[in-house]
Amino acid sequence: MIRIQEILDKVAAGNPDADLELIQRAYVFAATAHAGQTRLSGEPYLSHPLAVAYTLAEMGFDEPTVAAGLLHDTVEDTKATIEELDENFGEEVADIVDGVTKISLIPFDNKEEAQAENIRKMILAMSHDMRVLMVKLADRLHNMRTLDFQKAYKQRRIAQETMDIYAPLANRLGLYLLKRDLEDLSFKYLQPDIYNQIDHWLDKHQVVEKKIIEKVVSLIRDLLDSNKVNGQVYGRIKHKYSIWKKMQSQNLTLDEMHDIMAFRVLVKDIKDCYAVLGLVHSQWKPVHGRFKDYISMPKSNGYQSLHTTVIGPEGERIEIQIRTEDMHRQAEHGVAAHWLYKEKGRVNPRDLEQFSWLREIFERQGDEADSREFMHSLKLDLFKDEVYVYTPAGQVKELPEGATPLDFAFLIHTKVGHHCAGAKINGRLMPLSTPLKNGDTVEIITDPARNPNRDWLKMVKTARARTRIQRYLRTEERAHAITLGRDMLEKEGRKMNLNVSRATKDGHLAIVAQDMNFENADELTAAVGYAHITPRRVLNKLYAVMHPEAAAAAEQPAAPSIKESKETAKRKSEGVGISGVDGVLMRFAKCCNPVPGDPIIGYISRGMGVTVHRSDCANVANMEPERLISVHWDGAEEQQKPYEAGIFILAKNERGVLADVTRTLAGADINIMSLTAVSLLDGRSEIHVTVEVKDASQLYELIEAIRKLPLILEAVRDTEDA
């Protein structure tokens with residue numbers, strides 16, 4: 001366990017005038033508040049805030065941030081209050097802890113919504129004080145380092161969230177060391193077999209690699225000395241996840257990997273950076289297309305460096321980064337080095353010019369009330385490499401790799417994007433779907449008669465463009481839905497001798513809308529047009545409002561049509577209901593096979609009713625958010641129908657393993673729909689089995705029973721079951 005003196009020493013090393021007494025008092029307060037509490041590892045709970053505070057001190061943060069790291073769990077997990085922290089440590093520390101606490105204390109309907117909204121709150125907290133986010137990142141790092149003590153399914157969930165959000169976020173903020181550790185730790189739990197293979201391979205080859213590193217470092221030092229350039233040279237093996245990514249992108253095996261070493265040269269000023277680059281290229285042949293100048297064109301997170309790859313000694317490809325010491329400090333500690341706690345950590349306009357993507361998130365979040373939509377946009381912002389293009393006036397604009405002229409148009413202005421009719425790239429007319437390359441000059445041709453269409457969503461790569469296109473389409477589709485809904489109500493109304501137009505003018509439809517929890521008559525009419533609700537249900541209520549003398553009779557639902565009867569029967573047989581909606585055709589998605597007890601969500605398919613997916617289905621993230629609706633499982637009496645579900649099993653390839661699995665299934669009175677087994681070269685077998693279960697609880701009990709079998713290495717729900 002880290003000791004408080006180590007934290008104090010680390011802070012004092014960075015700032016001899018630091019207020020160490022503040023940190024010492026925070027330690028005593030946290031130790032008292034957490035007394036008697038333990039973590040899953042059995043360690044005293046205090047070990048966690050100490051680790052968080054040490055990480056913050058290592059990153060060079062100020063005393064209030066380190067103190068907040070020590071106190072970050074006191075309000076949530078002990079009897080301490082924000083008022084106490086304010087009184088004892090001042091408003092600055094209390095505000096940071098309050099920001100961290102508020103992220104975790106909001107009630108939600110389900111885990112998916114909670115995860116999305118917690119991430120959203122964390123991102124938006126940056127607009128108030130960047131240090132709130134820094135404490136959350138340090139908190140996540142220590143939780144990842146102690147993830148061994150969580151259950152397997154929690155390990156995978158937390159690791160996936162870290163890989164999806166926290167590591168890319170650290171990268172976008174320039175926190176390279178933090179990003180590297182989060183990636184490797186997540187990789188360890190998401191791909192344990194591959195992680196261990198790479199780990200063992202590196203151990204096996206470390207002697208050879210170490211010799212090559214020492215040789216190259218010595219050669220570069222001699223090169224600098226002979227040309228009277230002062231500088232420091234370092235070499236290292238790339239981290240495991242970056243090796244895996246390179247293997248994936250280049251379709252290589254471990255034995256085919258040759259550029260797993262990276263070297264760094266630190267010099268005093270920029271002119272020396274370019275001088276060293278010339279010396280390196282004169283000594284070794286550069287690899288074509290592998291030079292990047294991030295000094296003249298920095299990354300959006302402020303990162304600056306020269307990158308080149310050369311054919312080094314013994315024909316090995318080696319990657320060399322050349323930068324100044326200031327650039328290196330920025331590269332290692334990113335936003336911590338950049339902001340330096342100006343204005344008490346608040347983000348000011350000049351800083352936001354440097355981090356334009358962050359400003360865009362702040363501005364855009366108001367347009368995305370739905371947490372899932374916000375998460376989708378956020379991932380577009382985080383997972384990207386940059387390309388730099390020019391306007392006709394010579395201004396440099398940054399876009400994600402693969403971005404198109406449409407992304408560029410929306411980056412310039414929303415109106416330019418809306419009316420984009422064509423684009424010239426380097427003076428030539430090119431399709432709007434053309435991926436832009438570094439150095440391209442882009443000119444947008446506009447036409448006032450041109451407007452976005454749904455195909456544009458397939459072309460764009462930026463969250464900004466996607467959000468603005470979706471907003472336009474929602475407005476257009478809503479207008480169309482209102483028109484369609486009005487036509488449907490009037491047509492059905494004529495069969496019931498109801499004048500819907502007159503009812504609208506007289507305010508009767510508005511009364512029905514209010515009764516059915518819609519904001520106004522237009523919202524109700526749009527819901528009919530979207531097929532969220534049937535015209536007959538609205539008209540039954542409208543009839544009761546217009547003819548109060550017949551209200552008692554009208555309370556009985558009108559006889560449904562033959563089609564509606566079939567749809568309702570179908571829905572009931574599936575055991576699924578839609579909140580506040582009757583008579584809609586339901587079917588289950590084959591991509592994720594939801595079963596009762598799973599969190600579910602509905603997607604309105606044109607002409608095919610509602611398709612029910614598991615909320616964590618990968619396909620849901622790519623669906624149009626405006627078509628996603630809340631659905632629920634009906635009562636237990638309707639859940640007796642068996643549901644198909646898949647189980648993936650990794651087992652030792654030994655005699656009797658299949659017999660053990662089938663015996664376990666039979667003992668649980670489970671019907672097997674299909675079973676396939678494939679032998680692997682490494683002495684293991686992959687088994688895919690499709691079974692019939694009554695609900696998710698039964699499925700997971702079954703998985704736990706299979707996991708306990710002696711020859712089973714792992715058993716999980718098969719999300720790829722058809």
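The sheet is open and has three strands in the order β10-β9-β11, with antiparallel pairing. Strands here are DSSP runs of E with at least two residues, helices are runs of H or I with at least four, and both are numbered from the N terminus. Two strands pair if DSSP finds at least two bridges between them. The edge strands, each pairing on one side only, are β10 (428-430) and β11 (442-446). From one strand to the next, the twist averages 35°, an angle on a scale from 0 to 180 degrees between the N-to-C directions of axes fitted to C-alpha atoms.

Strand β9, residues 420-425, pairs with β11 through five antiparallel bridges. Ile425 has Val442 in β11 as its bridge partner.

This is a predicted model: local features need pLDDT of at least 70 and side-chain atom pairs pLDDT 80 or more, while totals for chains, interfaces and linings use all residues. Residues are numbered from 1 along each chain as its sequence is written, and side-chain values use heavy atoms, without hydrogens and water.

Now to the rings. Rings of Phe, Tyr and Trp (its six-membered ring) pair if their centres lie within 6.5 Å; planes under 30 degrees apart are stacked, over 60 edge-to-face, and the rest tilted. The count is six aromatic pairs. Phe410 and Trp456 form an edge-to-face pair, with 6.5 Å between centres and 75° between planes. Because Phe410 lies in helix α20 (residues 405-412) and Trp456 in helix α22 (residues 456-459), the pair ties together parts 46 residues apart in sequence.
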